[in-house]
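Have the viewer ready and follow along point by point.

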Amino acid sequence: MSNSEKPDTWLAQAGHMVDAETGSVIPPMHTAATFARDADYETRAGYMYSRYGNPTTHQAEAIIARLEGAEDTLLFNSGLSAVAAILESLPAGAKVVAPRVMYFGVLVWMQRLVDKGLISLSLYTPGDTQSLEAVASEQADLIWVETPANPDWSITSISHAAGVSRAVGAKLVVDGTCAPPVTTRSLDYGADYAFHSATKYLNGHSDVTGGVLSVSEETKAWQDIKEIRKLQGTILPGFESWLLIRGLRTLGVRWDKACENAITIAKHFEGHPRLEAVIYPGLASHSGHETAAAQMTRGFGGMMSLLVKGGFDAGKQVASSTSVFLPATSLGGVESLIEHRKTVEGDATDVAANLVRLSVGIEDADDLIADLEKAIAKV
Ligand code: PLP
């Protein structure tokens, strides 16, 4: 295997996997809950019990580690369980700095810990370097960045956040769910932990719920996160890991097609008389466009939001009126999805009532545009 090979080459072949015993070009799937020891009562390949590790999970982790340029990678049975492991690893009373706008489930989880008096939480405005500097000006234990951030796609400079983290002695986590490592390798920009909901672009087929954490350097804190996964049993099981490997093989082409469709759609609808705005980091009008262009090296992705004129009801109506875009939550799959975020997030956040989130998939762009035109015309 040559080091100069581009990711698409070794991804397509699942890390050049050929099964030594059978020649199978598809990895075998290991689903065993336990592993028999040898005649000397030693484990045969280091595997003992499924909660501790599994060969198929390990193979998926090795592929993602290579993609991220990471020293180690851990897969979890959801994005949120990976988030929970990081938060669980913090000392009592830890100071966490997080963006005001981010995937709401992570914010809800952090708030639960605040309510129990376990951590303190200070919020910064994403995309505003001065706001991050001000909020993290004193000692902090963890700085959270999500870029692009749900659902306004604000962009945070990872290198700037890494500088701030180093200055205050914090660990930096980057949630790059909407910018998978084919476009942004956050460890290269100084993140301590690269996090993704693997449910989204990494798997890409809406049939696995998973989360992934990668580090450039194994530390004591990382060992602790490993221990937490082992004790909580939140490892991604063999079957889901196998599906994830299947999904990873096409990550590059899926990503490219979603990016191409999204920019076409964004340009088509920008300035539409029934919309207040099209929010997409690939548009020059987006406030984070330049930073995004610098750290998203292979396109801006398939996520965008439309602000529909007419408030809550108009937004909800657009999200209920498409037939190609499916009215479902989640993102990053081959199928396009549409969501009225206020209905989903409720009072947990102050997301705009007229915001409609699109996860643009790999269908024909003309069909997607016609579908949205029809839905918007109904309002
Ligand atoms: N981070 C982001 C940006 C997400 O969009 C999501 C889920 O939508 C998560 C984290 C949580 O991941 P999961 O749903 O796999 O637990």
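**Notes on the model**

1. Let's start with a charged pair: E339 and R341 form a salt bridge, with their closest N and O atoms 2.7 Å apart. By salt bridge I mean a side-chain nitrogen of Lys or Arg within 4 Å of a carboxyl oxygen of Asp or Glu. Before going further, note that this is a predicted model, where local features need pLDDT of at least 70, side-chain atom pairs count only at pLDDT 80 or more, and totals for chains, interfaces and linings use all residues. Residues are numbered from 1 along each chain as its sequence is written, and side-chain values use heavy atoms, with hydrogens and water left out.

2. Are E339 and R341 buried or exposed? Both are buried, and for E339 the relative accessible area is 5%. The cut-offs are these: buried is under 20% relative accessible area, exposed is over 50%, and partly exposed is in between, using a 1.4 Å probe and protein chains only. The pair also belongs to a network of salt bridges that links E339, R341, E345 and R357.

3. E339 sits in strand 10. Strands here are DSSP runs of E with at least two residues, helices are runs of H or I with at least four, and the numbering goes from the N terminus. Setting aside residues up to four places away in sequence, E339 touches A319, A328, T329, S330, V344, L355, V356 and R357, where contact means heavy atoms within 4.5 Å.

4. H340 is buried, with a relative accessible area of 5%. A polar atom of its side chain lies 2.7 Å from the backbone oxygen of A353. Beyond neighbours within four places in sequence, H340 is in contact with F312, G315, K316, A319, A353 and L355.

5. How many salt bridges does the structure hold? The count is 12. One to look up is D207 with R246, at 3.1 Å from N to O. This pair links distant parts of the chain, 39 residues apart: D207 is in the loop between strand 6 and strand 7, while R246 is in helix 8 (residues 238–248). D207 is partly exposed at 37% relative accessible area, and R246 is partly exposed at 28%.

6. Another salt bridge joins E227 and K230, with the closest N and O atoms 3.9 Å apart. Why is their spacing about one helical turn? Because E227 and K230 are three residues apart in helix 7 (residues 220–232). As background, an α-helix has 3.6 residues a turn, so residues three or four places apart point the same way. E227 is partly exposed at 35%, as is K230 at 28%.

7. Back to helix 8, where the buried residues are G238, S241, L243, L244, I245, G247 and L248. What covers them includes helix 1, helix 2, strand 1 (72–76) and helix 9 (251–269).

8. Helix 2 (residues 55–68) has 14 residues and reaches 20 Å from first C-alpha to last, close to the expected 20 Å; that expected span is 1.5 Å times one less than the number of residues. Helix 2 is largely enclosed by the rest of the structure, because 11 of its 14 residues are buried. Among them are P55, A60, I63, I64 and L67. At the start of helix 2, a side-chain oxygen of N54 comes within 2.7 Å of the backbone nitrogen of T56. After helix 2 comes G69, with a positive phi near 65°.

9. Have a look at T209 as well, in the loop between strand 6 (193–197) and strand 7 (211–215). T209 is partly exposed, with a relative accessible area of 48%. Not counting residues up to four places away in sequence, T209 touches N77, S78, T199 and L236. From T209 to V108 is 101 residues in sequence and 19 Å in space, C-alpha to C-alpha.

10. Last, V25: this residue lies in the loop between helix 1 (7–12) and helix 2, and is exposed, with a relative accessible area of 54%.

Note on methods
A polar contact is a pair of N or O atoms within 3.5 Å; within protein, one must be able to donate a hydrogen and the other to accept it, and residues adjacent in sequence count only if both atoms are side-chain atoms.
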